[in-house]
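Good morning, colleagues. I would ask you to keep the sequence and the structure in view while I speak.

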Amino acid sequence: MISLLERREKFRTYFSLTINECIKIGYDSLFIVSIVSIFMGAVTTIQTAFNLVGPLIPDYVISLVVRDMTLLELSPTIIAIVFAGKVGSNIAGELGTMRITEQIDALEVMGVNSSSYLVLPKIIASLLMFPILVIISATLAIGGGYLAGVLTDVITGQEYIYGLRYEFNPFNIPFALVKSYVFAFIVASISSFQGYYTSGGALEVGKSSTNAVTNSCIAILIADYVLAQVLL
Amino acid sequence: MIEIKNISKSFKDKQVLFNISGKFEKGRTNLIIGASGTGKSVLLKCLVGLLEPDVGSVLFDGRDFSSANKKLTTEIRREIGMLFQGSALFDSKNVEENVKFPLDILTETPEKEKLEKVNHCLELVGLNKVNQKMPSELSGGMKKRVGIARAIVNDSKYLFCDEPNSGLDPLTAIKIDDLILELTQKLNTTTIVVTHDMNSVVEIGEYIMFLHEGKKLWEGNNKKILKTNIKELNEFVFSNKLMKKIK
């Protein structure tokens with residue numbers, strides 16, 4: 001980690017690299033994040049309704065559950081897992097290929113700090129883009145839940161919105177954002193480490209990508225538990 | 001000039017290089033030759049700083065690279081141009097961006113001047129109208145040429161080539177050899193080529209260091225190499241039928 005901050009290049013070099021990474025990491029992940037989020041919200045609504053049927057439980061509880069589950073767990077954690085699968089494997093594969101084809105050596109020979117040049121923009125871009133993806137995901141998941149609830153007559157639109165507002169704890173939003181920053185750092189740093197230290201050939205690049213996803217997922221789940229224990 | 005003094009290198013318990021010394025003069029093509037697994041590439045990596053020798057020093061025009069601080073290491077590295085075995089072009093950049101990369105990252109040269117320099121270097125290596133092509137669209141020989149253009153674009157004082165002919169047909173290999181010789185003389189660089197290609201040895205070996213099992217067994221030039229009595233060197237030099245016939 002310290003080597004990332006040593007012998008850095010010009011600021012504008014990092015600026016343009018970070019913008020490129022933001023596009024790759026953030027914009028290019030929008031489609032999969034949107035699809036997963038909409039269905040995640042829709043399924044949560046249907047399953048909550050299925051499990052909470054009863055005369056004593058008001059319908060608005062469904063959207064209350066969707067809201068809290070989305071903000072506290074589903075959007076930050078599930079999307080982090082998706083993020084690890086898409087972005088993490090991409091980072092590890094890219095850096096691993098650069099390593100085995102001597103592109104990283106070429107940077108070092110030129111006097112460029114390769115770890116700083118290649119890894120730092122990916123970590124910064126992940127920290128910038130993943131919280132935005134989580135916010136978009138939460139919005140779409142709640143929207144997906146609304147659509148599924150209303151279209152299947154499980155809940156009316158008014159009740160759904162009432163449930164969303166009912167006993168809302170504003171701390172859930174900063175909690176979700178804290179989680180998203182931690183998960184973004186975990187995915188970017190573990191995947192970069194796996195890719196950067198690849199040695200061997202194409203087989204090892206594949207292994208690095210797999211390890212990046214597996215290790216990121218395990219680290220995300222452990223961090224998820226620790227953050228819940230500490231912050232809630 | 002690059003001078004190496006008593007370089008030794010081992011990986012865990014396996015010693016790969018044993019006490020190697022030598023001088024690589026400026027303005028001539030210096031070859032490090034030997035069979036596969038003799039430590040040529042390890043020596044080259046020690047020279048350019050990708051590996052640290054266990055013992056010994058590497059001097060770039062008197063500046064000790066092995067014990068240099070970070071500032072001097074960066075300074076020396078920025079005077080080095082290297083052609084890698086697989087060319088090591090950046091996949092995400094086109095030819096122009098690849099060649100321009102050292103200028104972008106290491107200099108404050110205005111964009112117009114950078115492009116002029118890139119085009120000049122591409123012309124020197126015999127390439128034109130390929131600026132916008134991606135590395136995946138180039139042949140092996142073209143990739144090597146682009147790699148050489150990238151290595152010299154920053155007015156490098158030291159040019160290193162790791163197996164420049166590997167994977168090339170004989171005709172292209174000779175062209176690459178001629179190009180390295182021509183650039184060394186024209187730009188007056190200290191050029192070190194690691195190879196096991198006998199064509200290169202005969203064509204451009206102005207100084208040759210022969211490695212065998214990690215030790216320097218012989219040094220000389222392309223005229224003397226065909227007349228030595230060293231068994232290991234003769235086995236290497238006259239390993240193919242054509243060379244045996246020449247002998």
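I begin with a pair of strands in chain B, where Ile208(B) stands opposite Gly220(B) of strand β10(B). Please bear in mind throughout that this is a predicted model. The two strands concerned are β9, residues 207–212, and β10, residues 215–220, of chain B, and they pair in the antiparallel sense over 5 bridges. Together β9(B) and β10(B) form a hairpin with 2 residues between them. In that turn, Glu213(B) has a positive phi of about 50°.

Next, the open sheet of chain B. It is formed by 4 strands in the order β2-β1-β4-β5, with antiparallel pairing. Its edge strands are β2 (14–24) and β5 (63–64) of chain B, each of which pairs on one side only. Strand β1 of chain B, residues 2–11, is joined to β2(B) by 7 bridges, and the two run antiparallel. Within this pairing, Ile4(B) has Gly22(B) of β2(B) as its bridge partner. Helix α1 of chain B, residues 40–48, packs on the sheet and touches β1, β2 and β4 (55–60) of chain B. The direction of α1(B) makes about 120° with that of β1(B).

I turn now to strand β6 of chain B, residues 80–83. Which way do its residues point? Ile80(B) and Met82(B) point one way, and Gly81(B) and Leu83(B) the other. In general, the side chains of a regular strand alternate between the two faces of the sheet. Here, all four of the residues Ile80(B), Gly81(B), Met82(B) and Leu83(B) are buried.

What does its secondary structure contain? Chain A has 9 helices and 0 strands. The C-alpha atoms of chain A fill a box of roughly 70 × 35 × 30 Å along the principal axes. Of the 232 residues in chain A, 43% are buried. Among contacts in chain A with a separation of 6 or more, 87% are between residues 24 or more positions apart.

Leu140(A) is found in helix α6 of chain A, residues 114–151. Is this residue buried or exposed? Leu140(A) has 21 other C-beta atoms within 10 Å and is therefore buried. Leaving aside residues up to four places away in sequence, Leu140(A) touches Ser34(A), Ser37(A), Ile38(A) and Gly41(A). Leu140(A) and Ser37(A) are 103 residues apart in sequence, yet 5.8 Å apart in space, C-alpha to C-alpha.

I close with two helix pairs of chain A. In general, two packed helices are described by the angle between their axes and the distance between the axes.

The pair I take up now is α8, residues 172–196, and α9, residues 202–231, of chain A. Their axes come within 9 Å and cross at roughly 155°. That angle is why α8(A) is described as roughly antiparallel to α9(A). The crossing of α8(A) and α9(A) is right-handed. The contact includes Phe175(A), Val182(A), Phe183(A) and Ile186(A) from α8(A), and Ala212(A), Ala219(A), Ile220(A) and Leu227(A) from α9(A). The residues of this contact divide into 13 nonpolar, 7 polar and 2 charged.

The other pair is α4, residues 60–100, and α7, residues 157–165, of chain A. These helices pack at an angle of about 50°, with their axes 7 Å apart. It is therefore an oblique arrangement of α4(A) to α7(A). The crossing of α4(A) past α7(A) is right-handed. Among the residues that meet are Tyr60(A), Leu64(A) and Arg67(A) in α4(A) and Glu159(A), Tyr160(A) and Leu164(A) in α7(A). By class, the contact of α4(A) with α7(A) has 7 nonpolar, 2 polar and 2 charged residues.

Thank you for your attention.

Note on methods:
Residues numbered from 1 in each chain as written. Chains lettered and ligands numbered in written order. Predicted model: local features only at pLDDT ≥ 70, side-chain atom pairs only at ≥ 80, totals over all residues. Buried ≥ 20, exposed ≤ 12 C-beta atoms within 10 Å, placed from the backbone. Contact = placed C-beta atoms within 7 Å. Pairing = 2+ DSSP bridges. Axes fitted to C-alpha atoms, helices over the stretch in contact; angles between N-to-C directions. Parallel < 35°, antiparallel > 145°, perpendicular 65-115°, else oblique. Left-handed = near helix turned anticlockwise from the far one by under 90°. Nonpolar A, V, L, I, M, F, W, Y, C, P; charged D, E, K, R; others polar.
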